[in-house]
Amino acid sequence: MTESAGPGKSADLSRRGFLCSAVGSAAAVLGGAAAVSATRPALAQSTLTPEAALKELMDGNERYLGGQLQSLNEDLAILKAKTAEKQEPFAAVLACADSRVPVEFVFDQSIGHLFVVRVAGNITTPEITASLEYGVAVLGTKVLMVLGHGSCGAVKATIEGKAVPGQIGALYAPIWPAVNEAGPNLDAAIDANARIQATLLSQASPIIAGAIKEGNLKVVPARYDIASGKVSLLT
Ligand SMILES: [Zn+2]
């Protein structure tokens, strides 16, 4: 009997979740075809430039703003079938856990297109950085957006510095540099936080820094306006 045969092995793999099984087939992921939608052309991830990937995100936000979502018309059954064994997202997004920031809707994307990591305050921690490194190094995402948003409760709480229950206060330290830089103005601190987290990812992770240097990745800070739905790039 070979090592890969037997129901016990495949059952174990399925229990380990998509990340582990995807790591096991990294070569297939990197060499595979992009997901094909019923109404839009395939996103040829292997040939998409970082600039084209960013444009795809921003074009999706334009459709969202105009109420012209295309992703809702995609054949989800086809997308599920095409992505059952592999994923090839063209973009990674680090966003806040806030319920008012529905990332896939905001960029008009459905199954298999975005690698989304969410945590209150869109901060980088070792686990968050590890997840994004996986998106870049294994899945080959071409753009990594750090998406702050207006009225962010995590940034607001850090500015106020009040005592909070449980482990909520653990969010303060990663956000504090932005508050220290921008002062008590909430909007300024939100933008500074997105920029600082993007810089941290770009410089502190050799994998992400290397992908940028090789021209395979663009890291961009951005801001989501909850009221209008508009995403604005921060420079
Ligand atoms: Zn938030």
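Let's start with helix H7. In H7, three residues are buried: Leu 132, Gly 135 and Val 136. Why do they sit on the same side of H7? Because they cover an arc of only 95° around the axis. Pro 126 and Glu 127, on the other side of H7, are exposed. Keep in mind that this is a predicted model.

Now the helix as a whole. H7 runs over residues 126–137, which makes 12 residues. From its first C-alpha to its last, H7 reaches 16 Å. That is close to the 16 Å expected at 1.5 Å a residue.

What do the buried residues of H7 pack against? Three strands: S1 (91–95), S2 (114–118) and S3 (143–149). Two helices as well: H10 (186–204) and H11 (206–213).

Next, the sheet. It is open and has 5 strands, in the order S2-S1-S3-S4-S5. The pairing is mixed. Which strands are at the edges? S2 and S5 (231–233), each pairing on one side only. On average, neighbouring strands of this sheet are turned by 25° against each other, direction ignored.

Two helices on this sheet are worth a look. Helix H4, residues 50–65, packs on the sheet and touches S1, S3, S4 and S5. The direction of H4 makes about 35° with that of S3. H7 packs on the sheet too, touching S1, S2 and S3. Its direction makes about 165° with that of S1.

Let's zoom in on S4, residues 218–224. Is S4 mostly covered or mostly open? Mostly covered: 6 of its 7 residues are buried. On one side, 7 bridges join S3 to S4, and these strands run parallel. Val 143 has Lys 218 in S4 as its bridge partner. S4 is also joined to S5, by 3 bridges, and that pair runs antiparallel. Ala 222 stands opposite Leu 233, and Arg 223 stands opposite Ser 232. S4 and S5 form a hairpin with 6 residues between them. In the turn, Gly 229 has a positive phi of about 90°.

Last, the core. In soluble globular proteins, nonpolar side chains tend to be buried together. Here the largest nonpolar core has 49 residues. Those with the most contacts inside it are Ala 91, Val 143, Leu 144, Met 145 and Leu 147. H10 gives the largest share of this core, 7 residues.

Take Ala 91. Beyond its neighbours within four places in sequence, Ala 91 is in contact with residues including Ala 53, Leu 57, Leu 114 and Val 143.

Notes: Residues are numbered from 1 along each chain as its sequence is written. This is a predicted model: local features need pLDDT of at least 70, side-chain atom pairs count only at pLDDT 80 or more; totals for chains, interfaces and linings use all residues. Helices (H or I, at least four residues) and strands (E, at least two) are DSSP runs, numbered from the N terminus. The expected span of a helix is 1.5 Å times one less than its number of residues. A residue is buried if 20 or more other C-beta atoms lie within 10 Å of its own, exposed if 12 or fewer, and partly exposed in between; C-beta atoms are placed from the backbone. The arc is that of the directions from the helix axis to the C-beta atoms. Two residues are in contact if their C-beta atoms, placed from the backbone, lie within 7 Å. Two strands pair if DSSP finds at least two bridges between them. Axes are lines fitted to C-alpha atoms, for helices over the stretch in contact, and angles run from 0 to 180 degrees between N-to-C directions. A nonpolar core is a set of buried Ala, Val, Leu, Ile, Met, Phe, Trp, Tyr and Cys residues joined through C-beta atoms within 7 Å.
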